[in-house]
Amino acid sequence: MRKTFGTGSTWEETVGYSRAVQVDNTLYISATAASGEDGVVGGDFYTQTRYILEKLGTVLADAGFDFADVVQSKLYLTDISQWEEAGRAHGEVFGAIRPALALVHVLPFLDPKMLVEIELVAQKSVS
């Protein structure tokens, strides 16, 4: 079974991607930034990471998953020296879940106000 989830963003159609794709019991969520209706939310790594995780919580729920189902998390940071701030926000959500993690230093995103993007993989246990 393959199912796609979208947000209605024009980027999804233009670039040809989905916010998330579920294949059987696994959900792959595209890298997500702290973009809101009025532009980028937050001007620091902690605030953007928290906002992104809130957005991703909605994506997980819409697909019938939960943070507890997350098995892999990738944080893309434009300034790796700020990893502790992003990590603190990540730890507030995933501290007890402890998915596999990658912290990746990247060049600036399309919008230089974006400091963080997060990509998740979630998997439901097969009963």
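Predicted model: local features only at pLDDT ≥ 70, side-chain atom pairs only at ≥ 80, totals over all residues.

Visitor: Which residues touch the most other members of the largest nonpolar core?

Guide: They are Leu27, Ile29, Leu56, Leu60, Val116, Ile118 and Leu120, out of 23 residues in that core. The elements giving two or more residues to the core are strands E3 (26–33), E6 (70–77) and E8 (116–123), plus helices H2 (45–62) and H3 (83–94).

Visitor: And which element gives the largest share?

Guide: H2 does, with six residues.

Visitor: Now the strands. In which sense do E6 and E7 pair, parallel or antiparallel?

Guide: Parallel, over six bridges, with E7 covering residues 100–105. Tyr76 has Val104 as its bridge partner in E7, and Lys74 has Ala102. Tyr76 is also one of the members of the five-residue core.

Visitor: What about E6 and E8, parallel or antiparallel?

Guide: E6 and E8 are antiparallel, over seven bridges. On that side, Leu77 is partnered with Val116 of E8.

Visitor: What do E6, H3 and E7 make together?

Guide: A β-α-β unit, and the unit is right-handed.

Visitor: Let's look at H3 itself. How many residues has H3, and what is its reach from first C-alpha to last?

Guide: H3 has 12 residues and reaches 15 Å, close to the 16 Å expected at 1.5 Å a residue.

Visitor: Which residues of H3 are buried?

Guide: Ala86, Ala89, His90 and Phe94 are the buried ones. Viewed down the axis of H3, they fall within an arc of 120 degrees, so the buried residues line one face of the helix.

Visitor: Why would a helix do that with spacing of this kind? What is the general rule on residues three or four places apart?

Guide: An α-helix has 3.6 residues a turn, so residues three or four places apart point the same way.

Visitor: And what covers the buried residues of H3?

Guide: The cover includes H2, E6, E7 and E8.

Visitor: Take Phe94. What is its relative accessibility, and what is Phe94 in contact with beyond four places in sequence?

Guide: Phe94 has 2% relative accessibility, so Phe94 counts as buried. Its contacts, apart from those sequence neighbours, are Leu53, Phe67, Val70, Pro99 and Leu120. Phe94 and Val70 are 24 residues apart along the chain, and their C-alpha atoms are separated by 8.7 Å.

Visitor: Change of topic. Gln48 is polar by name, so where does Gln48 lie, and is Gln48 buried or exposed?

Guide: Gln48 lies in helix H2. Gln48 is buried, with a relative accessible area of 0%. Leaving out residues up to four places away in sequence, Gln48 touches Ala34, Val40, Val41, Gly42, Gly43, Lys113, Met114, Leu115 and Val116.

Visitor: How far is Gln48 from Glu117, in sequence and in space?

Guide: Gln48 and Glu117 are 69 residues apart in sequence and 8.6 Å apart in space, C-alpha to C-alpha.

Visitor: Last thing, backbone angles. What is the phi of Asp24, and where is Asp24 found?

Guide: Asp24 has a positive phi of about 55 degrees although it is not a glycine. Asp24 is in the loop between strand E2 (20–23) and E3, and is partly exposed at a relative accessible area of 45%.

Visitor: And Arg98, what is its phi and where is Arg98 found?

Guide: Arg98 also is not a glycine and has a positive phi of about 55 degrees. Arg98 is in the loop between H3 and E7, and is exposed, with a relative accessible area of 70%.

Terms used. Residues numbered from 1 in each chain as written. Heavy atoms only, no water. Core = buried A, V, L, I, M, F, W, Y, C linked by side-chain atoms within 4.5 Å. Buried < 20%, exposed > 50% of the residue type's maximum accessible area, 1.4 Å probe, protein only. Helix = DSSP H or I, 4+ residues; strand = E, 2+ residues; numbered from the N terminus. Pairing = 2+ DSSP bridges. Right-handed = clockwise from strand over helix to strand, strands pointing away. Expected span 1.5 Å × (residues − 1). Arc of directions from axis to C-beta. Contact = heavy atoms within 4.5 Å.
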